[in-house]
Amino acid sequence: MKKFTTVLKIAPAFLLAGTMVHAQTKDSATKEKKIEEVVLIGYGRQKKSDLTGSITSISSKDFNGGATSADQLIQGKAPGVAITGNGGAPGAGSTIRIRGGASLNALNDPLYVIDGVPIDAGTISGAANPLALINPNDIETFDILKDASATAIYGNRASNGVIIITTKKGSTGAFRINFSTVASVSTKMGNVDVLNADEYRDYMRRIAQTNQTVNNYISKLGTANTNWQDLIFQDAWGTDNNLSLSGGVKGLPYRLSLGYNDQNGILRTNNFRRSSLGLNLSPKFFDNHLSLNVNFKGTFTDNRFANAGAIGAAQYFDPTQLAYSTDGSYMGYYEWMNNGSININATRNPLGLLYGKRDVSSVWRALTNAQIDYKLHFLPDLHLNLNVGYDYTKSNGAVTNYAGFGSAVVNSKGGSWNDYTQEKKNKLLETYFNYSKDISSINTKVDLTGGYSYQSFEYDTPSTIVYYTGGVPDDPTLAAAGKLVLLSFYGRGIFTFNNKYILTGTIRRDGSSRFYNGSRDNLWGNFASGAFAWKIKEEGFLKDSKALSDLKLRIGYGQTGQQDILGYYPSYANYTISQGASQYQFGSAFFPMYRPAIYNPNLVWETTNTANAGLDFGFVNNRIYGNVDVYQKNTKDLLATVPIPAGNFSNKNTLNVGKMEIKGIEASVTFVPVKKENLTWDFNINATHYKSEVTDLGPNFPAGFAMRASTGNITGGTDQWILANSVGRPANSFYVYQQVYDNNGKPIEGVYVDRNGDGIINDNDRYFYKSINPDVTLGFNTKLNYKKWDFALSMRAVLGNYVYNNSASNSSVQSLASNEYLQNINSLSADYNFTAPQLYSDIFVENASFLRLDNVNVGYNFGEVFGAKSNLKVYALLQNVFVITKYKGVDPEIFGNVDNGFYQRPKIYSLGFNFQF
C-alpha cells in the first residue's frame, strides 16, 4: 500500500456537503484533511504534487478486472502508454510501448522494475510472455515513468520508459484472510470472411469456364459443407483462484499469497496453468530506524501451445471436404494425397495440425529480493539503502509431431520428437543513500540521492536434437550461453523552494559489456537530465482561489540510453558453431566446425534526448483534474541490424545507422460529477497523439533508400516483407505499390502507378503509405458506486490505425487449384478476382481504426454475511465485449499490424466471488 501524507486544505463550502471526507480536524466544519498520494520515482518516492517529471500512477482500485497477465491490468488507463495484446492465447500477454518507443529495431520495451528489481523481459523458452509469470493479483501499483527527467535515474535502459511494479505488502493489525475465485468462459469473436462451401463450389465453376487449370480440378470438389474455423475453435473454460493471509505477529507485518489459474484457449489443444506463491515480510527495528523489506514471488506454469498454423489452414482448406477420412489414415483426418502419399504441398487439415502436434512446456520462476533501509540514529535525515535481488528462471519443453504431421521434413521422415531446456539468472546488487532535509530558515527542502548498481544477466540454452521415426537424429540446434553485465553510478538532487519552485537534476554513468570491444573505448555512457516545476497555485494571487484547486507547470530535458540489442557479444570477436550447409564434409558425414561470427567493434550507445513540458490542473476541489504533456524525443546512433556488403562473415551486422524523431502530445482528464455518502461517480478520458520520423540513416544509405523494418514479414513467398524505413518518413511504414482502378472502382490486377515515370513498374515505384503508428489513441474509464453496488467500464479507441491484410493478399485464383489439391479463397480476394497474389498492392493496407469495449464489471457487496469483520462480494465481468471497425479481418488490433493468421482475442464472460475474514 502506498504511504500517504496529510495536508490541511480549505474546502469550498458548496462542495463540502457532497464530499467524502477522509479525516477531519476538530473544527471540520470548514476544513478537511486531504490525503495526498506519494508515487515511486526510482530509488525513492515523492509527493505527487511535487513531481517535476511525467509520471502516471495506477493503483489496484483502478485495475481492469479479469487480467491473467500484469500488463492487462492497466490497458487503456494511462495516456502515452499503448498496450497491444500479442494474441488470444491465455498467457500470451501484451506488447507495451511508451510514447511510441525510441528505436528502429533495438528493443522498444520499457524497463520493468518489480519491487526494486529490474527484470529481464526478454524471451524465455517455453513461455509466451515473461510478465505472465507474475500473478497480477499480487500487484498493488504501477508507476509509469515517461519522460527523461523521470527515467534518467535508470539511464542505460530508460529510453523507452520505466514501469515500476509494486506488489502488495503486509501490515500490522488483525489477521486477515482474503479468498477470491473466478469462473470464466471464453468464446471467439468471429471468423475470417472466406467462401462457404456453396459459394466456393459456385465460384470454382464460374472461374473454370475461362480457366483451364481450375476446370481440370472441378472433379475434386466434395459434397460436404465444412466450416473449418468453427471446428478448430471452442468455448473455453477457465478458473482463477487466489488466497492471501496477512497481518502482523509481534511487530512482523507479513503477507502470504497463493494463486492458481487454469485457462483453456479458444483454439483447441491450447492450455495455460499457473501456480504462484508470494511472501512479503516488512519488519522494523531499533525504534523504526532500520526497515527490512523481503519479497519472494515464485511461479510455476504449465503450457500446451496449440499449432497456430491451424488458424491459417482453417481459412484456406477446401470447405467441400469432410473433416475426417473414411479409412482412418493420418489419425483419421482427411488429407490431400498425391500418388498414395500425403501431399506435402497442400494445405493441411486444420484439426490434424492441432491434434497431430503436442507442444508442452514447464517454466519455473523465482524472483526474490531483500531491501534494507537504515535511518542513521545520529543523523535521521540520512538513509542508507541496500538492495540484493535474484531472478531465476528455468524452462523445460518437448515438441512431438506425430507421423505425417508438421513440416515437409517431418512428412518425409515420419514423426519427430525433441525436447529443450533453458536457464536464466539475473543478479542485482544496489546500494544508495538518501538525504532529505527541510531547512526552515530559508524555506527550502533538499533531497539528495546517490548510489551504485551492479546487475548481471546469464542464460544457458543447451543444444537439442530432433529425433525422427526410427530414432534417426537430425537437425541439431546450437548450444548457447552468455553473460551481460551492467554497472552504474547515479545521483539525483531535488530542491524545493517556498513550496512553489522545484528543481530536479539527475546524472547516471552506465557501463554495458555489450560494448566491450577489447578496450573500454565505448563501454561507458553518461546520461543526465534536469527539470523544473512551478506550483502556480501556491502563488499569492491564486492561493485563495476556490475554483482552482491545482495548477503546476513542469519543464524537463534529459538523455537516456539504449543497449538492448540482439546478442550479448555484438562488439567483440567470437566464434560460433556452424550448422546446416556450413558444416564440413568428411566422406559421407558432415561435421560442425567453429567459425568466426560477425561483430562490430565500433558500436556505441544509442542515445535519446527528450524535452517535455507539462501542465497539471485541478478545479473545484479537484472534482475536475488532469494533466497535459507535450514532448519531443530525438534518438541518435540508432542501433539496427542491417544488410552489409558481401565479403564478411555475414550479410548483416549491427550498426549505429542514424537518427529518429518523435513529437507527441498526451492528456488525461478525470471528472467527479457526483461524490456523496451513498453515491459516487467518476470518469476519465485520456488521449495520445504522436508522430515519428526517421531523420537520418547515415552515410551508408542513399536518399530514398528503404531499410527493411525489424517486423513486417508476410506470407506468400520467401523472405517477403511489407514494412520499411526511409529518411523523412514515419518509422515502420508500409512499402507498397499504388493500385490502379477501372472506371467502376474495381482494382486492375497487376496495374500500378508508375510513380517515377520511367515507363517500368519495379521496386523503384513502391512508395511509403501510412505506418503502423496510429494517429490518435483514446481511453475512457468510469466507475459508479451506489450503496452496495458498483459498476466499472473501460473502453478504447484507436484512430488512424492501418493493418496489412495478409490473409486476403495471399489468396487468389492461382491458389484455388494446383499441385493436386484445392484451396479456399478469402471473400475479399474473390471480389477483387485477382488471378495471382498481388502482395504489394496498397489495396491490402486497410483502415483498421476501431472502438473497443474492453471491460464491463458489475458487483454487489453483501457485507458481513459470515459474521463480524467478514465480507462477501459477488461480481460479473465481461471482457472484449465488442469492437466497431471497418477492417475486413476479425480483429483490427494486431501488434506489428500484419494479419496473417492472428490468434484472435476471445470474448470472456466471468463470475467472481470475493471473501474476506
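1. R852 lies over the face of F850, 5.4 Å from the ring centre. A charge sits over a ring if NZ of Lys or CZ of Arg is within 6 Å of the ring centre and within 35 degrees of the ring normal. The charged end of R755 likewise sits over the ring of Y767, at 4.1 Å from its centre.

2. The model is predicted: local features need pLDDT of at least 70, side-chain atom pairs count only at pLDDT 80 or more, and totals for chains, interfaces and linings use all residues. Residues are numbered from 1 along each chain as its sequence is written, and side-chain values use heavy atoms, with hydrogens and water left out.

3. The structure holds 36 aromatic pairs (rings of Phe, Tyr and Trp, the last by its six-membered ring, with centres within 6.5 Å; planes under 30 degrees apart are stacked, over 60 edge-to-face, the rest tilted). Y334 and W336 are edge-to-face because their planes stand at 75 degrees, with the centres 5.7 Å apart. Y860 and F862 also form an edge-to-face pair, at 4.7 Å and 80 degrees.

4. W336 is buried, at 5% relative accessible area, whereas Y860 is partly exposed at 24% and F862 is partly exposed at 39% (buried is under 20%, exposed over 50%, partly exposed in between; 1.4 Å probe, protein chains only).

5. One aromatic cluster is formed by F179, F866, F913, F915 and F917.

6. Strands pair if DSSP finds at least two bridges between them; β43 (residues 733-736) and β46 share 4 bridges, and S733 has S771 of β46 as its bridge partner.

Key
Helices (H or I, at least four residues) and strands (E, at least two) are DSSP runs, numbered from the N terminus.
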